[in-house]
Amino acid sequence: MKCRHCLSRKVTEHGVRRNKYGCKQRFLCHRCKRTFVVNDGFLKRKFSPETVTEAIDLWSRGLSLRQIKYHLEQHKNVSVSHVTILLWLREYGILLKTYTDSLKPDLKGKWQADELVHYFSKQHNWLWNVMHKDKKYIVESRYSVFRHQKIADRVFEEARKKGIPEEVQTDGLPNYPHAIRNAFGEETKHIRHSNLQSKRNMNTVERLQGTCRDRLRVTRGFYSVKTGQQLWTILPIFYNYIKPHRTLGGKTPAEACGVNIDRNGNVWKNLIEQSVSV
Ligand SMILES: [Zn+2]
């Protein structure tokens with residue numbers, strides 16, 4: 001245990017701090033003489049970790065912000081505005097992305113990449129997904145306004161930070177050959193499925209695209225493309241770390257890639273606590 005102010009280890013328990021939803025152990029630092037509670041990822045929140053993680057979980061599972069607000073009011077007797085829920089999604093999205101980006105899932109093997117169009121804010125926007133074919137891990141998922149070469153390049157440059165595949169399968173979109181060569185050089189084989197029959201091999205990533213399409217349908221609460229990009233960070237975390245897959249024998253994609261998160265109890269809470277403790 002280290003002091004939150006001066007990082008000294010000379011700390012002792014010093015009563016508890018109470019707030020609206022419970023109490024937390026307070027500590028006294030003998031070096032700087034200040035007291036503190038440990039940051040469990042929910043420091044200074046007006047709502048309990050259970051409420052915050054329930055809202056994040058419901059959003060990940062496809063409820064709109066207003067539906068979540070209604071659910072918490074009706075079933076938990078908690079009154080929270082949809083703007084606050086939006087803030088949670090944004091803040092915890094960034095925290096969890098930073099943390100999970102530091103983990104090292106084993107992503108060797110075959111990947112699939114695909115893009116889908118989302119008409120929003122009077123324009124065509126794009127959602128790019130890069131996924132491990134067998135382990136279902138979402139390597140990169142990016143929401144963009146354009147479908148420029150630069151964006152396709154960026155998608156694979158980000159994916160490259162997480163691993164190098166032996167093979168990437170895509171459709172015939174002309175942006176892929178450059179983006180893949182740019183990120184991986186000759187190391188990675190690029191398979192293009194341009195006709196309908198060979199596109200059948202792309203079913204892993206296409207199933208994900210279907211889920212994403214359903215998810216985008218309830219995102220009128222996106223307000224702007226920028227908000228959309230920020231909110232979208234939470235979904236790969238949900239698919240990779242929270243949701244077990246039947247086809248993976250009940251494991252999450254992260255577990256299939258050798259990364260284990262404490263799955264006892266509230267997994268979102270465990271993941272958030274782990275994110276702030278590093
Ligand atoms: Zn101190």
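**Figure 1. A residue pair between strand 4 and strand 5.** His118 stands opposite Asn125, a residue of strand 5. The view is taken from a predicted model. The two strands in question, strand 4 (110–120) and strand 5 (residues 123–132), are joined by ten bridges and pair in the antiparallel sense.

**Figure 2. The parallel pairings of strand 7.** Strand 7 (residues 167–170) runs parallel to strand 4, to which three bridges join it. In this pairing, Trp111 stands opposite Val168 of strand 7. Strand 7 also pairs with strand 8 in the parallel sense, here over four bridges. For Gln169, the bridge partner in strand 8 is Ile191.

**Figure 3. Helix 7 and its two faces.** Which residues of helix 7 are buried? They are Thr204, Val205, Leu208 and Cys212. These residues cover an arc of only 80° around the axis, which means that they lie on the same side of helix 7. Against which strands do the buried residues of helix 7 pack? Their packing partners are strand 4 and strand 5. The face turned away from the buried side carries exposed residues, namely Asn203, Gly210, Asp214 and Arg217.

Figure 4. Helix 2 (65–76) has twelve residues and reaches 16 Å from its first C-alpha to its last, close to the 16 Å expected at 1.5 Å a residue. Leu65, Ile68 and Lys69 are the buried residues of helix 2. Seen down the axis of helix 2, these buried residues fall within an arc of 105°, so they line one face of the helix. They pack against helix 1 (49–60) and helix 3. On the face turned away from the buried side are the exposed residues Gln74 and His75. Helix 2 is followed by Asn77, which has a positive phi, near 55°.

Figure 5. Ser79 is found in the loop between helix 2 and helix 3. Is Ser79 buried or exposed? Ser79 has 10 C-beta neighbours inside 10 Å, and because a residue with 12 or fewer counts as exposed, Ser79 is placed in the exposed class. Phe47 is 32 residues away from Ser79 along the chain, and the C-alpha atoms of the two residues are separated by 9.7 Å.

Figure 6. Gly109 has its place in the loop between helix 3 (82–101) and strand 4. With 15 other C-beta atoms within 10 Å, Gly109 is partly exposed, because this class lies between the limits of 12 or fewer for exposed and 20 or more for buried. Which residues does Gly109 touch, not counting residues up to four places away in sequence? Gly109 touches His132, Lys133, Asp134, Pro165 and Glu166. Gln149 is 40 residues from Gly109 in sequence, and the distance between them in space is 25 Å, C-alpha to C-alpha.

**Figure 7. The whole chain, for orientation.** The chain contains eleven helices and eight strands. Along the principal axes, its C-alpha atoms fill a box of roughly 70 × 40 × 35 Å. Of its 278 residues, 31% count as buried. Among contacts between residues at least 6 apart in sequence, 54% join residues at least 24 apart. The domain assignment gives domain 1 (1–38) and domain 2 (110–226), and the C-alpha centres of these two domains lie 46 Å apart.

Definitions and conventions:
Residues numbered from 1 in each chain as written. Predicted model: local features only at pLDDT ≥ 70, side-chain atom pairs only at ≥ 80, totals over all residues. Contact = placed C-beta atoms within 7 Å. Domains from an automatic or database assignment. Pairing = 2+ DSSP bridges. Arc of directions from axis to C-beta. Expected span 1.5 Å × (residues − 1).
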